[in-house]
Amino acid sequence: MSSISVLLLILGFFNYALAEEGFCSAPSVLSMESKSKPLYWKVNNPTLSPLHLQDLPGFTRSVYRRDHALISPESHVYSPLPDWINTSGAYLISPEIGSHFTMYLANLKENSRSGLPLHDVERLIFVLEGAVTLTNVSGVSHILKVDSYAYFPPNFEHSIECDASATIVIFERRYVPLQNHVSEPVVNSTDKQPLLETPGEVFELRKLLPTSLAYDFNIHIMDFQPGEFLNVKEVHYNQHGLLLLEGQGIYRLGDSWYPVQAGDVIWMAPFVPQWYAALGKTRTRYLLYKDVNRNPL
């Protein structure tokens with residue numbers, strides 16, 4: 001094939017992508033139905049790759065590096081969760097990757113029930129799809145629907161049950177105690193959290209946990225409108241675990257630039273350069289784990 005033919009082929013492919021609103025919003029029946037779908041439905045229904053690449057054997061956007069990882073939905077591997085009933089899970093971030101926390105998805109089926117975290121391990125759950133019933137050791141119950149969450153201090157007895165089906169994302173880490181400070185259970189929802197000031201930035205920020213010293217991590221909900229981006233090119237000692245709940249954009253990690261969309265998970269090690277810009281026609285919302293309130297020594 002001549003160089004002119006190759007150039008024309010590339011230009012045609014590029015024009016096709018633009019005509020279909022770009023790679024980050026490829027043509028899909030799912031995208032046409034998005035207005036009638038529930039919140040966060042794209043977490044389990046990704047549409048990033050153009051149609052002619054979705055079924056390409058061996059193709060994945062997942063990447064693992066020394067200081068970061070992108071785990072895209074086609075790479076998720078589910079298996080039964082230890083001590084859980086009728087539940088399969090996919091561990092996406094764990095200490096084997098270099099983190100000090102775990103992040104995993106749990107698909108609860110009919111008549112499912114959770115197990116307890118390991119001793120001295122705290123847990124936060126966030127509902128992505130369906131509804132679950134949370135019950136504590138005193139028998140007090142809460143029904144958690146999409147966009148609701150719960151935090152359990154270490155060694156706090158509880159159960160998570162589901163009559164039909166649901167998907168939740170779970171963060172767990174070994175609690176780092178601080179003298180004279182004790183964390184308490186939290187049950188709440190994103191829409192009840194106030195918007196916080198973000199000096200020098202344009203995104204909207206909510207924090208799901210109290211900012212007091214008793215809590216050694218927090219979960220941020222960050223919203224970007226199309227075209228908005230992080231002002232600070234962050235480099236810091238904190239670790240991150242990120243799940244894109246809505247939208248699409250470009251994430252810089254180290255010297256690499258990744259197109260990302262709802263359903264993608266990112267692990268960021270300490271001091272990896274990081275930056276995000278929102279693309280497309282709808283907002284980006286992501287959920288971000290961050291360790292806080294402890295001396296790095």
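**Reading the model**

Guide: The protein chain has a mean pLDDT of 89, and 86% of its residues reach 70 or more. pLDDT is the predictor's confidence in each residue, from 0 to 100. Over residues 1-32 the pLDDT is below 50. Beyond near neighbours in sequence, that stretch has 29 contacts in the model; a contact means heavy atoms within 4.5 Å. Where pLDDT is low, the predicted coordinates should not be read in detail.

Visitor: What are the ground rules?

Guide: This is a predicted model, where local features need pLDDT of at least 70 and side-chain atom pairs count only at pLDDT 80 or more, while totals for chains, interfaces and linings use all residues. Residues are numbered from 1 along each chain as its sequence is written, and side-chain values use heavy atoms, with hydrogens and water left out.

Visitor: How many helices and strands are there, and what makes a run count as one?

Guide: The protein chain has three helices and 19 strands. Both are DSSP runs, numbered from the N terminus: a helix is H or I with at least four residues, a strand is E with at least two.

**Strands side by side**

Visitor: What makes β2 and β17 a pair?

Guide: Two strands pair if DSSP finds at least two bridges between them. Four bridges join β2 (residues 68-71) to β17 (residues 265-268), so they pair. The two run antiparallel. Leucine 70 stands opposite isoleucine 266 in β17.

Visitor: Which sheet holds them?

Guide: An open sheet of seven strands, in the order β1-β2-β17-β14-β19-β13-β12. Its pairing is antiparallel.

Visitor: Why are β1 and β12 called edge strands?

Guide: β1 (63-64) and β12 (204-207) each pair on one side only.

Visitor: Which strands does β10 pair with?

Guide: Eight bridges join β5 (residues 101-113) to β10, and nine join β6 to β10. β10 runs antiparallel to β5 and to β6. Methionine 103 stands opposite phenylalanine 171 in β10. Phenylalanine 126 stands opposite valine 169 in β10.

Visitor: Why is arginine 123 called buried?

Guide: Buried means under 20% relative accessible area, exposed over 50%, and partly exposed in between (1.4 Å probe, protein chains only). Arginine 123 has 1% relative accessibility, so it counts as buried. It lies in β6 (residues 121-136).

Visitor: What makes its link to glutamate 172 a polar contact?

Guide: A polar contact is a pair of N or O atoms within 3.5 Å; within protein, one must be able to donate a hydrogen and the other to accept it, and residues adjacent in sequence count only if both atoms are side-chain atoms. The side chains of arginine 123 and glutamate 172 make one at 2.7 Å.

Visitor: Is serine 159 buried or exposed?

Guide: Its relative accessible area is 6%, so serine 159 is buried. Serine 159 lies in β9 (residues 158-162). Leaving out residues up to four places away in sequence, serine 159 touches Arg113, Ser114, Thr133, Leu134 and Thr135. Leucine 134 is 25 residues away from serine 159 in sequence, yet 5.8 Å away in space, C-alpha to C-alpha.

Visitor: What makes β10 mostly covered?

Guide: Eight of the nine residues of β10 are buried. In the protein chain, buried residues make up 48% of the 297.

**Salt bridges**

Visitor: How do you know that arginine 173 and glutamate 122 form a salt bridge?

Guide: A salt bridge needs a side-chain nitrogen of Lys or Arg within 4 Å of a carboxyl oxygen of Asp or Glu. The closest N and O atoms of arginine 173 and glutamate 122 are 3.7 Å apart, so the pair qualifies. Arginine 173 is in β10 (residues 166-174) and glutamate 122 in β6, 51 residues apart. Both residues are buried. The structure holds twelve salt bridges.

Visitor: Why is arginine 283 called partly exposed?

Guide: Arginine 283 has 26% relative accessibility, so it counts as partly exposed. Its side chain meets that of aspartate 223 in a salt bridge (3.6 Å, N to O). Aspartate 223 stands at 3%, so it counts as buried.

Visitor: Which residues are linked in a network of salt bridges?

Guide: Asp147, Arg206, Asp223, Glu246, Arg283 and Arg285. Within it, aspartate 147 and arginine 285 meet at 3.8 Å, N to O.
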